[in-house]
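Hi everyone, thanks for making the time. I'd like to walk you through a structure that may be new to you, so please have a look at it with me.

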Amino acid sequence: MADSTPKITLYTYFRSSCSARLRIALNLKNIPYTPIAINLLKGEQRTATNTSLNPSATVPTLIAEYNTTPAPKTVTITQSLPALEYLEEITPSTAPSLLPPPSNPELRAVVRTLANIIACDVQPVTNLRILKRVEPYGVDRNVWSKELIEDGFRAYEAIAAPVAGKFSVGDDITLADVCLLPAVWNAQRAGVDLAPFPVIQRVAASLEEVDAVKRGHWRAQPDTPEEFRV
C-alpha cells in the first residue's frame, strides 16, 4: 500500500444510519475498509474500548492509518459528516466525487444543506438514545419518530425539488443522497408514507439500484442478524 493511501477501519452498527452514510460513501469511492461492529442494543458503544476512540459513545468512528515516513500517522474522525468531507478531500480527482465541482459553490451549498437537514434536523432527534430518553415522559416513540421524520422530509423535498435529477441534486450521487437513503430506511421502519414526498421516493428508488448502495444496506452487513439478511 502506498504511503499516501490510508488503511481504513470503520466502527459501525448494521442499523445505524450514520454508519450507513460512510459505508455507502466508501463503497462509491471504491475504498476498501475493515468494519468493526459495535452493538448499540448491547451498549457496546459505552465500553471503554469504544469511548477511548469515540468520546461521544456513538458510531460511526472512521480511522485512517497512513504508513508515512518518517512516522506513521493515524486520523480518527467520530462524526459522519466530517468523515464524509474528509473522504472527499483525501481521494484523488479520478475517484467519484460526492460534491458538485468547486466552480459551482451554490450547488455545493445546496448539497450540504440537504445533508444537514438529515444529519442535524432528523437523525439526532429520532435516534435510539433520544427515544429512550423521551419514553419515560409518556411519549409514543413511533409517533415521535414518524412526525419528526416527516417534518424533515418536507423541508428536504422543498429544497431538492428545483435541483433534483435522477438523484437529489442533478444526476450524480452526492453527500445529500448518502445521508438521505439511510434516513429513508429508518422512515420505512417508522411507518412513514413516502407518497407525499415524490422527489425523495424517486431518488431513493434510483439509489437502491446502485451496487455500492446495496453493499452498504443495513440488511447486508457482517453484523446483520440472520433473520434480517437479504
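Which pattern does the chain follow, read along the sequence? Read that way, the chain goes β-α-β-α-β-β-α-α-α-α-α-α-α. That makes 9 helices and 4 strands, where helices (H or I, at least four residues) and strands (E, at least two) are DSSP runs, numbered from the N terminus.

Before we go on, a word on what you are seeing. This is a predicted model, in which local features need pLDDT of at least 70 and side-chain atom pairs count only at pLDDT 80 or more, while totals for chains, interfaces and linings use all residues. Residues are numbered from 1 along each chain as its sequence is written, and side-chain values use heavy atoms, with hydrogens and water left out.

Let's take the overall picture. The C-alpha atoms fill a box of roughly 55 × 45 × 30 Å, taken along the principal axes. For 230 residues, a compact globule would have a radius of gyration near 17 Å, and the chain agrees with that at 18 Å; the radius is taken over C-alpha atoms, and the globule rule is 2.2 Å times the number of residues to the power 0.38. Of the 230 residues, 47% count as buried, meaning under 20% relative accessible area, with exposed over 50% and partly exposed in between (1.4 Å probe, protein chains only).

The chain is divided into domain 1 (10–96) and domain 2 (105–214), with bounds from an automatic or database domain assignment. Their C-alpha centres lie 21 Å apart. Across the boundary, 15 residues of domain 1 are in contact with 19 residues of domain 2, contact being heavy atoms within 4.5 Å.

Now find the sheet. It is open, has 4 strands in the order β2-β1-β3-β4, and its pairing is mixed; two strands pair if DSSP finds at least two bridges between them. β2 (33–37) and β4 (73–77) stand at the edges with a single partner strand each, so one side of each has no neighbour in the sheet. From one strand to the next, the twist averages 15°. Strands β1 (residues 7–12) and β3 (residues 61–66) run antiparallel, joined by 5 bridges, and K7 has E65 as its bridge partner in β3.

Is Y11 buried or exposed? Y11, which sits in strand β1, is buried, with a relative accessible area of 14%. Beyond residues up to four places away in sequence, Y11 touches several others, including S19, I36 and I63. Y11 and L62 are 51 residues apart in sequence, yet 6.5 Å apart in space, C-alpha to C-alpha.

L62 brings us to the largest nonpolar core, which has 65 residues; L62, F153 and Y156 have the most contacts inside it. Such a core is a set of buried Ala, Val, Leu, Ile, Met, Phe, Trp, Tyr and Cys residues joined through side-chain atoms within 4.5 Å. Helix α7 (residues 175–189) gives the most to this core, with 10 residues. Domain 1 and domain 2 each supply at least three residues to this core.

Technical notes. Axes fitted to C-alpha atoms, helices over the stretch in contact; angles between N-to-C directions.
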